[in-house]
Amino acid sequence: MIMKFTEMLATPPYSQNKQEKSVRLMGGLSDLTRLHYEACEPYRNILDALAFDVGSISTCADIPFMPVRLFKELDLLSVSRDEIVKTMTSSGTTGQGLSKIYLDRETSANQTKVLTKIVSSFFGGKRMPMLILDTPSVVKDRTMFSARAAGILGFSIFAADKEYVFDENMELDCEVIERFLDKHRGKNILLFGFTFMIWQYFYKELLKRGVYYDLSSGILIHGGGWKKLANEEISSSDFRKRLHEVCGITRVHNYYGMVEQTGSIYMECEQGHLHASIFSDVVVRRPLDFSPVLFGERGIVEVVSLLPRSYPGHALLTEDEGVVLGEDNCPCGRLGKYFRIFGPMQNCSRTHYGRN
(Lines give C-alpha, C1' and ligand atoms only; values in the text may rest on other atoms or scores of the structure.)
Protein backbone atom coordinates (compact mmCIF):
# COMPACT_ATOMS: atom_id res chain seq x y z
CA MET A 1 0.00 0.00 0.00
CA ILE A 2 1.10 3.58 -0.60
CA MET A 3 0.06 4.43 2.97
CA LYS A 4 0.47 1.80 5.67
CA PHE A 5 -2.65 0.77 7.54
CA THR A 6 -1.18 1.92 10.86
CA GLU A 7 -0.56 5.36 9.35
CA MET A 8 -4.16 5.54 8.12
CA LEU A 9 -5.41 4.71 11.61
CA ALA A 10 -3.51 7.74 12.88
CA THR A 11 -5.25 9.95 10.29
CA PRO A 12 -8.67 11.51 11.04
CA PRO A 13 -11.17 9.48 8.95
CA TYR A 14 -12.71 12.46 7.14
CA SER A 15 -9.65 14.67 6.75
CA GLN A 16 -8.46 13.85 3.21
CA ASN A 17 -9.69 15.66 0.13
CA LYS A 18 -10.44 13.96 -3.17
CA GLN A 19 -6.87 14.08 -4.48
CA GLU A 20 -5.23 12.88 -1.25
CA LYS A 21 -7.75 10.12 -0.70
CA SER A 22 -7.67 8.90 -4.32
CA VAL A 23 -3.91 8.26 -4.28
CA ARG A 24 -3.95 6.37 -1.01
CA LEU A 25 -7.20 4.50 -1.62
CA MET A 26 -6.16 3.31 -5.06
CA GLY A 27 -2.82 2.02 -3.80
CA GLY A 28 -4.58 -0.13 -1.22
CA LEU A 29 -7.36 -1.31 -3.53
CA SER A 30 -4.89 -2.28 -6.25
CA ASP A 31 -2.93 -4.31 -3.70
CA LEU A 32 -6.10 -6.05 -2.56
CA THR A 33 -7.15 -6.86 -6.12
CA ARG A 34 -3.78 -8.51 -6.77
CA LEU A 35 -3.86 -10.34 -3.44
CA HIS A 36 -7.31 -11.83 -4.06
CA TYR A 37 -6.52 -12.61 -7.70
CA GLU A 38 -3.55 -14.70 -6.59
CA ALA A 39 -5.12 -16.29 -3.51
CA CYS A 40 -8.79 -16.91 -4.38
CA GLU A 41 -9.42 -19.21 -7.34
CA PRO A 42 -13.10 -18.32 -7.95
CA TYR A 43 -12.19 -14.62 -7.91
CA ARG A 44 -9.32 -15.24 -10.32
CA ASN A 45 -11.63 -17.18 -12.65
CA ILE A 46 -14.08 -14.28 -12.70
CA LEU A 47 -11.39 -11.72 -13.53
CA ASP A 48 -9.91 -14.01 -16.18
CA ALA A 49 -13.34 -14.46 -17.75
CA LEU A 50 -13.58 -10.68 -17.94
CA ALA A 51 -10.08 -10.54 -19.46
CA PHE A 52 -9.27 -8.00 -16.78
CA ASP A 53 -5.72 -6.71 -16.39
CA VAL A 54 -5.02 -6.21 -12.69
CA GLY A 55 -2.42 -3.63 -13.58
CA SER A 56 -4.95 -1.42 -15.40
CA ILE A 57 -6.66 0.04 -12.32
CA SER A 58 -6.62 3.85 -12.17
CA THR A 59 -9.87 4.63 -10.31
CA CYS A 60 -12.18 2.81 -7.88
CA ALA A 61 -14.69 2.37 -10.68
CA ASP A 62 -12.15 0.33 -12.68
CA ILE A 63 -12.04 -2.53 -10.17
CA PRO A 64 -14.34 -5.41 -11.14
CA PHE A 65 -17.15 -5.48 -8.58
CA MET A 66 -18.56 -8.63 -7.03
CA PRO A 67 -22.37 -8.72 -6.65
CA VAL A 68 -23.12 -9.18 -2.94
CA ARG A 69 -25.46 -12.03 -3.89
CA LEU A 70 -22.41 -14.00 -5.02
CA PHE A 71 -21.53 -14.64 -1.37
CA LYS A 72 -24.75 -16.65 -1.11
CA GLU A 73 -23.59 -18.91 -3.91
CA LEU A 74 -19.84 -19.37 -3.38
CA ASP A 75 -17.35 -19.81 -0.56
CA LEU A 76 -14.91 -17.00 -1.27
CA LEU A 77 -11.67 -17.10 0.73
CA SER A 78 -8.21 -15.70 0.15
CA VAL A 79 -6.65 -17.51 3.12
CA SER A 80 -6.60 -21.13 4.21
CA ARG A 81 -9.56 -22.35 6.23
CA ASP A 82 -7.45 -22.98 9.31
CA GLU A 83 -6.76 -19.22 9.46
CA ILE A 84 -10.47 -18.39 9.77
CA VAL A 85 -11.39 -17.21 13.27
CA LYS A 86 -14.88 -15.88 12.60
CA THR A 87 -17.68 -16.45 10.07
CA MET A 88 -20.20 -13.69 9.45
CA THR A 89 -23.65 -14.36 7.99
CA SER A 90 -26.08 -12.00 6.32
CA SER A 91 -29.55 -11.53 7.77
CA GLY A 92 -31.14 -12.97 4.62
CA THR A 93 -34.84 -13.33 3.86
CA THR A 94 -37.16 -16.29 3.75
CA GLY A 95 -36.30 -18.71 0.96
CA GLN A 96 -32.83 -17.27 0.39
CA GLY A 97 -29.48 -18.65 1.41
CA LEU A 98 -27.21 -16.75 3.76
CA SER A 99 -24.05 -14.98 2.71
CA LYS A 100 -20.98 -16.31 4.51
CA ILE A 101 -18.02 -14.02 5.05
CA TYR A 102 -14.83 -15.59 6.35
CA LEU A 103 -12.51 -13.53 8.55
CA ASP A 104 -8.97 -14.20 9.60
CA ARG A 105 -7.47 -12.57 12.67
CA GLU A 106 -5.99 -9.62 10.77
CA THR A 107 -9.18 -8.73 8.90
CA SER A 108 -11.31 -9.05 12.03
CA ALA A 109 -8.93 -6.86 14.05
CA ASN A 110 -8.78 -4.21 11.32
CA GLN A 111 -12.57 -4.07 11.12
CA THR A 112 -12.75 -3.32 14.84
CA LYS A 113 -10.02 -0.69 14.66
CA VAL A 114 -11.67 1.15 11.76
CA LEU A 115 -15.14 1.00 13.31
CA THR A 116 -13.66 2.49 16.49
CA LYS A 117 -11.92 5.22 14.51
CA ILE A 118 -15.04 6.20 12.55
CA VAL A 119 -17.47 6.24 15.46
CA SER A 120 -15.01 7.96 17.80
CA SER A 121 -14.69 10.80 15.28
CA PHE A 122 -18.41 11.48 15.75
CA PHE A 123 -18.81 10.99 19.50
CA GLY A 124 -15.32 10.96 20.98
CA GLY A 125 -13.36 7.99 22.31
CA LYS A 126 -14.79 8.03 25.83
CA ARG A 127 -16.84 4.99 26.74
CA MET A 128 -20.43 5.50 27.80
CA PRO A 129 -23.14 3.47 29.53
CA MET A 130 -24.88 1.57 26.74
CA LEU A 131 -28.40 0.29 26.23
CA ILE A 132 -28.58 -2.39 23.54
CA LEU A 133 -32.00 -2.48 21.92
CA ASP A 134 -31.88 -6.22 21.31
CA THR A 135 -31.76 -9.55 23.13
CA PRO A 136 -28.54 -11.12 24.49
CA SER A 137 -29.29 -14.43 22.77
CA VAL A 138 -28.15 -12.91 19.45
CA VAL A 139 -24.50 -12.98 20.49
CA LYS A 140 -24.29 -16.43 22.07
CA ASP A 141 -22.21 -18.05 19.31
CA ARG A 142 -18.85 -16.24 19.16
CA THR A 143 -17.61 -18.01 16.01
CA MET A 144 -20.70 -17.61 13.75
CA PHE A 145 -22.05 -14.06 13.69
CA SER A 146 -25.22 -12.67 12.15
CA ALA A 147 -25.32 -9.05 11.01
CA ARG A 148 -27.16 -8.17 14.22
CA ALA A 149 -24.58 -9.87 16.41
CA ALA A 150 -21.72 -8.23 14.51
CA GLY A 151 -23.28 -4.82 15.01
CA ILE A 152 -23.88 -5.37 18.71
CA LEU A 153 -20.39 -6.65 19.42
CA GLY A 154 -18.79 -4.01 17.23
CA PHE A 155 -20.48 -1.09 18.95
CA SER A 156 -20.10 -2.64 22.40
CA ILE A 157 -16.47 -1.54 22.38
CA PHE A 158 -17.84 1.92 23.25
CA ALA A 159 -19.68 0.62 26.32
CA ALA A 160 -18.55 1.31 29.89
CA ASP A 161 -21.57 -0.62 31.18
CA LYS A 162 -24.19 -2.32 29.02
CA GLU A 163 -27.65 -3.79 29.33
CA TYR A 164 -29.99 -5.46 26.85
CA VAL A 165 -33.52 -4.02 26.92
CA PHE A 166 -35.32 -7.07 25.48
CA ASP A 167 -35.62 -10.51 27.04
CA GLU A 168 -35.26 -13.79 25.15
CA ASN A 169 -38.81 -13.39 23.78
CA MET A 170 -38.18 -9.85 22.52
CA GLU A 171 -40.33 -8.42 25.30
CA LEU A 172 -39.34 -4.98 26.55
CA ASP A 173 -37.90 -5.21 30.07
CA CYS A 174 -38.93 -1.95 31.69
CA GLU A 175 -37.28 -2.84 34.99
CA VAL A 176 -33.90 -3.12 33.27
CA ILE A 177 -34.35 0.29 31.64
CA GLU A 178 -35.48 2.00 34.84
CA ARG A 179 -32.65 0.52 36.89
CA PHE A 180 -30.10 1.45 34.22
CA LEU A 181 -31.31 5.06 33.96
CA ASP A 182 -31.29 5.45 37.74
CA LYS A 183 -27.75 4.11 37.90
CA HIS A 184 -26.46 6.45 35.18
CA ARG A 185 -28.58 9.53 35.85
CA GLY A 186 -26.94 12.70 34.50
CA LYS A 187 -24.61 10.84 32.15
CA ASN A 188 -24.58 10.61 28.36
CA ILE A 189 -25.94 7.22 27.31
CA LEU A 190 -25.22 5.35 24.10
CA LEU A 191 -28.04 3.34 22.54
CA PHE A 192 -27.58 0.90 19.68
CA GLY A 193 -29.98 -1.27 17.71
CA PHE A 194 -31.36 -2.23 14.33
CA THR A 195 -33.89 0.19 12.94
CA PHE A 196 -36.84 -2.17 12.51
CA MET A 197 -36.39 -3.71 15.95
CA ILE A 198 -36.22 -0.30 17.59
CA TRP A 199 -39.39 0.70 15.82
CA GLN A 200 -41.33 -2.52 16.34
CA TYR A 201 -40.29 -3.58 19.83
CA PHE A 202 -39.19 -0.36 21.53
CA TYR A 203 -41.07 2.61 20.05
CA LYS A 204 -44.39 0.82 19.53
CA GLU A 205 -44.20 -0.83 22.93
CA LEU A 206 -43.56 2.46 24.72
CA LEU A 207 -46.46 3.96 22.79
CA LYS A 208 -48.71 1.04 23.68
CA ARG A 209 -47.85 1.16 27.38
CA GLY A 210 -47.97 4.94 27.57
CA VAL A 211 -44.53 4.92 29.19
CA TYR A 212 -42.06 7.81 28.84
CA TYR A 213 -38.35 7.41 29.56
CA ASP A 214 -36.14 10.49 29.60
CA LEU A 215 -33.38 9.70 27.10
CA SER A 216 -32.64 13.32 26.26
CA SER A 217 -28.99 12.66 27.16
CA GLY A 218 -28.89 9.65 24.85
CA ILE A 219 -27.09 9.12 21.55
CA LEU A 220 -28.78 6.53 19.33
CA ILE A 221 -26.89 4.73 16.55
CA HIS A 222 -29.09 2.56 14.34
CA GLY A 223 -29.07 0.90 10.94
CA GLY A 224 -30.52 -1.95 8.91
CA GLY A 225 -34.07 -3.19 8.68
CA TRP A 226 -35.55 -0.29 6.72
CA LYS A 227 -37.10 -2.66 4.20
CA LYS A 228 -39.37 -4.05 6.90
CA LEU A 229 -40.64 -0.53 7.55
CA ALA A 230 -41.47 0.12 3.90
CA ASN A 231 -45.16 -0.68 4.35
CA GLU A 232 -45.42 1.88 7.13
CA GLU A 233 -43.79 4.57 4.97
CA ILE A 234 -41.50 5.73 7.76
CA SER A 235 -38.70 8.07 6.69
CA SER A 236 -35.55 8.77 8.66
CA SER A 237 -36.95 12.13 9.78
CA ASP A 238 -40.24 10.48 10.85
CA PHE A 239 -38.25 7.89 12.78
CA ARG A 240 -36.33 10.55 14.70
CA LYS A 241 -39.45 12.62 15.37
CA ARG A 242 -41.47 9.68 16.73
CA LEU A 243 -38.64 8.52 18.98
CA HIS A 244 -38.25 12.02 20.36
CA GLU A 245 -41.94 12.02 21.28
CA VAL A 246 -41.70 8.85 23.40
CA CYS A 247 -38.28 9.28 25.02
CA GLY A 248 -36.96 12.79 24.34
CA ILE A 249 -33.93 11.64 22.38
CA THR A 250 -32.56 14.16 19.87
CA ARG A 251 -29.15 12.79 18.84
CA VAL A 252 -30.01 10.03 16.37
CA HIS A 253 -27.53 8.78 13.76
CA ASN A 254 -28.40 6.28 11.08
CA TYR A 255 -25.58 4.33 9.43
CA TYR A 256 -25.24 2.34 6.23
CA GLY A 257 -23.29 -0.89 6.32
CA MET A 258 -23.41 -4.57 5.57
CA VAL A 259 -21.97 -7.80 6.87
CA GLU A 260 -20.01 -8.25 3.64
CA GLN A 261 -17.92 -5.19 4.60
CA THR A 262 -18.12 -5.08 8.37
CA GLY A 263 -16.24 -2.15 9.89
CA SER A 264 -16.53 0.04 6.78
CA ILE A 265 -19.67 1.79 7.91
CA TYR A 266 -21.03 5.04 6.51
CA MET A 267 -22.21 7.26 9.34
CA GLU A 268 -24.96 9.83 8.99
CA CYS A 269 -23.81 13.37 9.78
CA GLU A 270 -25.76 16.26 11.31
CA GLN A 271 -27.01 17.20 7.83
CA GLY A 272 -28.56 13.76 7.30
CA HIS A 273 -25.88 12.68 4.81
CA LEU A 274 -24.02 9.36 4.80
CA HIS A 275 -20.24 9.77 4.61
CA ALA A 276 -17.42 7.66 3.15
CA SER A 277 -14.28 7.63 5.30
CA ILE A 278 -10.65 7.36 4.14
CA PHE A 279 -11.01 3.56 4.45
CA SER A 280 -13.87 3.28 1.96
CA ASP A 281 -15.65 4.86 -0.97
CA VAL A 282 -18.91 4.65 -2.87
CA VAL A 283 -19.60 4.41 -6.61
CA VAL A 284 -23.10 4.68 -8.06
CA ARG A 285 -23.74 2.85 -11.35
CA ARG A 286 -26.42 2.93 -14.04
CA PRO A 287 -28.59 -0.23 -14.02
CA LEU A 288 -28.46 -0.74 -17.78
CA ASP A 289 -24.70 -0.81 -18.40
CA PHE A 290 -23.17 -0.38 -14.91
CA SER A 291 -21.32 2.76 -15.99
CA PRO A 292 -20.66 5.28 -13.19
CA VAL A 293 -23.28 8.01 -12.87
CA LEU A 294 -22.76 11.72 -12.31
CA PHE A 295 -23.24 13.29 -8.90
CA GLY A 296 -26.96 13.76 -8.29
CA GLU A 297 -27.96 10.85 -10.55
CA ARG A 298 -29.60 7.82 -8.97
CA GLY A 299 -28.33 4.31 -9.57
CA ILE A 300 -27.09 1.08 -8.01
CA VAL A 301 -24.71 1.57 -5.11
CA GLU A 302 -21.26 -0.02 -5.12
CA VAL A 303 -19.15 0.10 -1.97
CA VAL A 304 -15.38 -0.31 -1.82
CA SER A 305 -13.27 -0.93 1.27
CA LEU A 306 -9.63 -1.36 2.23
CA LEU A 307 -10.45 -3.86 4.97
CA PRO A 308 -11.29 -7.26 3.38
CA ARG A 309 -8.06 -9.26 3.14
CA SER A 310 -9.30 -12.75 3.95
CA TYR A 311 -11.97 -12.67 1.21
CA PRO A 312 -12.48 -10.72 -2.04
CA GLY A 313 -15.00 -8.21 -0.72
CA HIS A 314 -13.18 -4.97 -1.41
CA ALA A 315 -15.49 -3.93 -4.32
CA LEU A 316 -19.11 -4.98 -3.92
CA LEU A 317 -22.18 -4.10 -5.95
CA THR A 318 -25.10 -3.88 -3.55
CA GLU A 319 -28.76 -4.18 -4.48
CA ASP A 320 -29.59 -0.73 -3.14
CA GLU A 321 -30.44 2.46 -4.97
CA GLY A 322 -28.67 5.65 -4.01
CA VAL A 323 -27.18 8.94 -5.11
CA VAL A 324 -23.86 10.65 -4.45
CA LEU A 325 -24.72 14.20 -3.41
CA GLY A 326 -21.23 15.67 -3.48
CA GLU A 327 -17.62 15.40 -2.39
CA ASP A 328 -15.52 17.45 0.04
CA ASN A 329 -18.25 20.09 0.46
CA CYS A 330 -20.80 18.76 2.95
CA PRO A 331 -21.91 21.57 5.30
CA CYS A 332 -20.93 19.35 8.24
CA GLY A 333 -17.27 19.93 7.32
CA ARG A 334 -16.27 16.30 6.76
CA LEU A 335 -14.30 15.62 3.59
CA GLY A 336 -15.00 12.76 1.19
CA LYS A 337 -18.11 11.69 -0.70
CA TYR A 338 -21.49 12.00 0.93
CA PHE A 339 -24.58 10.25 -0.32
CA ARG A 340 -28.12 9.06 0.26
CA ILE A 341 -29.70 5.60 0.08
CA PHE A 342 -33.29 5.26 -1.14
CA GLY A 343 -33.72 1.52 -0.50
CA PRO A 344 -33.49 -1.70 -2.51
CA MET A 345 -33.60 -1.55 -6.27
CA GLN A 346 -36.83 -2.99 -7.63
CA ASN A 347 -36.96 -6.80 -7.28
CA CYS A 348 -33.90 -6.76 -5.00
CA SER A 349 -33.97 -8.00 -1.44
CA ARG A 350 -31.19 -6.34 0.54
CA THR A 351 -32.05 -5.15 4.04
CA HIS A 352 -28.90 -3.32 5.17
CA TYR A 353 -29.62 0.28 4.33
CA GLY A 354 -30.79 3.52 5.78
CA ARG A 355 -32.99 5.93 3.91
CA ASN A 356 -33.73 9.60 4.23
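# Close-up views of a predicted model

**View 1. Strand S7 and the neighbours it pairs with.** Strands S7 and S8 (residues 218-223) run parallel to each other, and six bridges hold the pairing. Keep in mind as you look around that this is a predicted model. On the S8 side, Leu190 has Ile219 as its bridge partner. Leu190 also has Met130 standing opposite, and S4 (residues 128-132) is joined to S7 by three bridges, again in parallel. In case you're wondering what makes the pairing, strands of a sheet pair through backbone hydrogen bonds, and they can do so in parallel or antiparallel fashion.

**View 2. How enclosed is strand S7, and which of its residues are buried?** Strand S7 covers residues 189-194, and six of the six are buried, so the rest of the structure largely encloses this strand. Check both faces: Ile189, Leu191 and Gly193 are buried on one side, while Leu190, Phe192 and Phe194 are buried on the other.

**View 3. From S7 over a helix to S8.** Follow the chain from S7 through helix H8 (residues 195-209) to S8, and you've traced a right-handed β-α-β unit. Here's a tip for reading any helix: an α-helix has 3.6 residues a turn, so residues three or four places apart point the same way.

**View 4. The six-stranded open sheet.** Read across the sheet and the strand order is S6-S4-S7-S8-S9-S10, with mixed pairing. The edges are S6 (159-164) and S10 (266-267), each of which pairs on one side only. Helix H7 (residues 174-183) packs on this sheet and touches S4, S6 and S7, with its direction at about 160° to that of S6.

**View 5. The largest nonpolar core.** This core has 107 residues, and the ones with the most contacts inside it are Phe155, Phe202, Leu220, Phe239 and Tyr256. Helix H8 gives the core its largest share, seven residues. Zoom in on Phe239 and, leaving aside residues up to four places away in sequence, you'll find it touching Thr195, Ile198, Trp199, Leu220, His222, Trp226, Ile234 and Val252.

**View 6. A helix tucked away: H6.** Helix H6 (residues 147-155) has seven of its nine residues buried, so it is largely enclosed by the rest of the structure. The buried ones are Ala147, Ala149, Ala150, Gly151, Ile152, Gly154 and Phe155. You've already met Phe155, one of the residues with the most contacts inside the largest nonpolar core.

View 7. Strand S3 (residues 100-104) is mostly covered, with four of its five residues buried. Strand S2 (residues 84-89) runs antiparallel to S3, and five bridges join the two. Look for Met88, which stands opposite Ile101 in S3. Not counting residues up to four places away in sequence, its contacts are Glu83, Ile84, Val85, Lys86, Met88, Ser108, Gln111, Ser310 and Tyr311. For a sense of scale, Leu103 and Ser146 sit 43 residues apart in sequence and 13 Å apart in space, C-alpha to C-alpha.

**View 8. Cysteines without a disulfide.** A disulfide is a covalent bond between the sulfur atoms of two cysteines. How many turn up in the whole structure? The search finds zero. For Cys247, the closest cysteine sulfur belongs to Cys174 and is 13 Å away, which is too far for a bond. Cys332 is in no disulfide either: the nearest cysteine sulfur, in Cys330, is 3.5 Å away, and the cut-off is 2.5 Å.

**View 9. Two residues with a positive phi.** Most residues other than glycine have a negative phi. Met170, in the loop between S6 and H7, has a positive phi of about 60° although it isn't a glycine. This residue is buried, at 15% relative accessibility. Asp328 has a positive phi too, near 65°, and belongs to the loop between strands S14 (315-327) and S15 (337-344). With a relative accessible area of 26%, Asp328 is partly exposed.

Conventions. Residues are numbered from 1 along each chain as its sequence is written. This is a predicted model: local features need pLDDT of at least 70, side-chain atom pairs count only at pLDDT 80 or more; totals for chains, interfaces and linings use all residues. Side-chain values use heavy atoms; hydrogens and water are left out. Buried means under 20% relative accessible area, exposed over 50%, partly exposed in between (1.4 Å probe, protein chains only). Two strands pair if DSSP finds at least two bridges between them. A crossover is right-handed if, with the strands pointing away from the viewer, the path from the first strand over the helix to the second runs clockwise. A nonpolar core is a set of buried Ala, Val, Leu, Ile, Met, Phe, Trp, Tyr and Cys residues joined through side-chain atoms within 4.5 Å. Contact means heavy atoms within 4.5 Å. Axes are lines fitted to C-alpha atoms, for helices over the stretch in contact, and angles run from 0 to 180 degrees between N-to-C directions.
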